[in-house]
Amino acid sequence: MFFENAITQGGIFILKHSKVFRSFLISYIAILLIPTIGGYISYLTSISVTQSVSIENSMIQLEKSQELLEHRMAEVEGMTRQLAINPDLNVLLNDHLAQRDVYGIWRTMRNVLTFGQTNDFLQHYYIYLANYDLIITSGSSYRPEHYYEFFHYDGLTFEEWKQQILEKAHRSEIKPLSSFSDRNNETSVITYMQSLPLDSFNDSSPANVVVVIDEQTIAGLFSGLTDNYGGWVHIHDGKGNTLALQGNMESDVSQIINDPAFDQSKASQFYKNDLVITTRSDKSGWVYQAGIPRSALMENADQIKQASWFITGGAMIVGLLFGLYWAHRNSVPIHRMISIMKEQFGRDELTERNEFDFLSGNIANMISKNKQLENELTRQLPFVRDAFLRRLTAGEFQSRDEIASAAQQADIALHNGKGYVGILQIKGYAGMDSVEILNELNAARLLMKQAFSEIAGSLPMTDLGSDKMVVLFFTDEEREPGPDEELRITRLIETLTNQVLHEYKMFLQAGFGDPFDSVSEAGQSFDQAKQALEYAVYLNQKETMWYREARIVNTTYYYPLDTEQRLISTVRAGELEEAEKIVNLIMDHNLQQRELSVEMKHQLVGEIKGTFLKLMDQKIFAESEWFESIKKRIIDIGLTGPLESIHNEIHAIMGELCRYIANKKKDSHAKLIKQIYEYTEATYAHPDLTLYRVAEHVERPEKYISQLFKEVTGVNYSDHLIKVRMDRAAILLAETNLTVDEIAAQVGYNSSHSFRRAFKRLIGISPSAYRQSHEVV
């Protein structure tokens, strides 16, 4: 009864006070209508924003995965370059003896074991030696027919595989995605192929490096796209050959590529029920496509729609309360009536709005991916440093520039390039090789490195076997090699020895070689350190042993195989200065540091003569016009002549050979640069003309062309291409009536804006101003 009376009184009041009612109704409708329209607009906007953000995030993720894939492929290419300069492999390539060099094959297999540890693209690769008709892998060696039994392409017979893969010359070629049988496990792979030496351009080559990359390994780099959106990723080369395919693809691959309705030049577009994102690599020409289902995009938009309607509902309630507040101020009966209605029917609780975290989630995901990539690069840095130190002490580098570049990559400071090489050995573990002992030695080396770092600071260190560690002490301008520096190093070793003995009960011995004056001579100091350590172990010395203190009795000459190979490689590269250093080190080591008999001196001279005769038998020297005269000079070197005259004659012969190599390089470089100039003049109007296209035309690696062009001409190729285009554009502006857009198209620019910007940057004024300045009045 009370409620009915309140309704009646309120109705009578509203009829009497229609102005109050109209103000209440207008304010409520306005507050109700505005958020409703705003909610609908926000929903439409959310669809556009969500799709834009999804496209941008997907494109960023696709480009990140693309960069990671290209980085892995660059490491594969870098592995082939390392194999090309591997001395053991070069010995096998140049070995034409009937009997196999079993030891050389074993050393080569051991050297290639580490390549697959830092790059999962190198888990399955092999080297085919044509002269041995043998396949070498990181763990074994096979005859081709035996290898084919375990690993083969489906659809390729043994003869076809041998002809197309093993016996054919390759230049960084990629075999498209093919079915592959890996020990009866069916999979799909792409194949990277490179012939050795790298300058092999005949139909056949002495060796081929073949890297088999599983499709799942490639697809794993793009799993973020398929896992987040349930879409697909397709990678193919410029010819449409599939390299990798992952995810659920509703349309056939060839249908997308060949469909005229699909624009290959667009970065993103809808194709049937998928949003297709396309990127193209400027380096390899590969095309990366990712498809995101429309339903996945709309799912995110629906989440925003729900949030928008919640906001709209809340605004409606707020509007109602606001209207009631103003009605209350003008009409107490209406306010009382509403109060009575709430008391009778109860008050509904407002639902809390959930926070929408789409953007923050995607940004967090990108940050996580970047951190993952950064962590992976950081994790690989110790392996790069270890490989650099091993190559440096083994004397595998051919020039100081190569050492400086590798040191910068490994983040190792060389200072002034002078210093000492030392070897530390943990005593008491010789001849022990059980699992428990090896684990104990691993822990011991780690503790020794930590203790040494605390005492001497950060020093380049690497393991040598299970119980030894190599340490490099680089000096600087304040500390030059000499007695004071050697005393400082000796005290550091004594401090380390006492500390590890006191804390871990480990006994250490150390051997140090003579100082090296150049980083290219570190291998010599390393060999001396090994001899000093062996002498210290033999005499059971506890203190540090220096090479000059070791009373080593030498009954034979010093001329190891790796030094000979380094000398051959250095002369072939035309590095006269480095070659002279190697010969001087050999002579000084044998004539000043060793007591050689006359017979040993004769044998040493004969060995050096044999090295240069091996050089003359190589094709590059055999084709020279003075081949016979140089070979006769080598043969005529007398074994009993004065050593000084023999030394001078060897230096003179090396000078002839290195100058010949330098001239050959200059002629080859000049012809190559001329070919690049001519090709650029003929094709500058093509918008897709890049350094990759030039390298493909002249049949050389892209990085090699870039570095060579810069060294010979002094400018980058991209700057040269811009100058050629702008010179032609200047002629067209001055002599024709073509528009700026037409001229931009004729000189290879798809965008007139990019053309104007490049023209002004190079010429100094805009194209229009340049034309006005050349108009004939």
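Here is a quick tour of the aromatic pairs and nonpolar cores in this predicted model.

Let's start with the rings. The structure has 20 aromatic pairs. Take Tyr 153 and Phe 180: their ring centres sit 5.0 Å apart with the planes at 70 degrees, so this pair is edge-to-face. Tyr 153 belongs to strand 4 (residues 151-153) and Phe 180 to strand 5 (residues 173-182), so the pair links parts that are 27 residues apart in sequence. Tyr 153 is buried, at 3% relative accessible area, and Phe 180 is buried too, with a relative accessibility of 3%.

There's also an aromatic cluster, made up of Tyr 126, Tyr 142, Tyr 147, Tyr 148, Phe 150, Phe 151, Phe 158 and Trp 161.

| Charged residue | Ring | Distance from ring centre |
|---|---|---|
| Lys 175 | Tyr 153 | 5.3 Å |
| Arg 183 | Phe 150 | 4.8 Å |

Now for the nonpolar side. The largest nonpolar core holds 41 residues, and the members touching the most others are Leu 69, Leu 129, Val 211, Ile 218, Phe 222 and Ile 235. Helix 2 (residues 18-84) is the top contributor to this core, giving eight residues. For a closer look, pick Ile 218: leaving aside residues up to four places away in sequence, Ile 218 touches Leu 69, Phe 121, Ile 190, Ile 213, Ile 235, Leu 243 and Ala 244.

That isn't the whole story, though: a second, separate core has 31 residues, among them Ile 568, Val 605, Ile 630 and Leu 657.

Terms used:
Residues numbered from 1 in each chain as written. Predicted model: local features only at pLDDT ≥ 70, side-chain atom pairs only at ≥ 80, totals over all residues. Heavy atoms only, no water. Phe/Tyr/Trp six-rings, centres within 6.5 Å; stacked < 30°, edge-to-face > 60°. Helix = DSSP H or I, 4+ residues; strand = E, 2+ residues; numbered from the N terminus. Buried < 20%, exposed > 50% of the residue type's maximum accessible area, 1.4 Å probe, protein only. Lys NZ or Arg CZ within 6 Å of the ring centre and 35° of its normal. Core = buried A, V, L, I, M, F, W, Y, C linked by side-chain atoms within 4.5 Å. Contact = heavy atoms within 4.5 Å.
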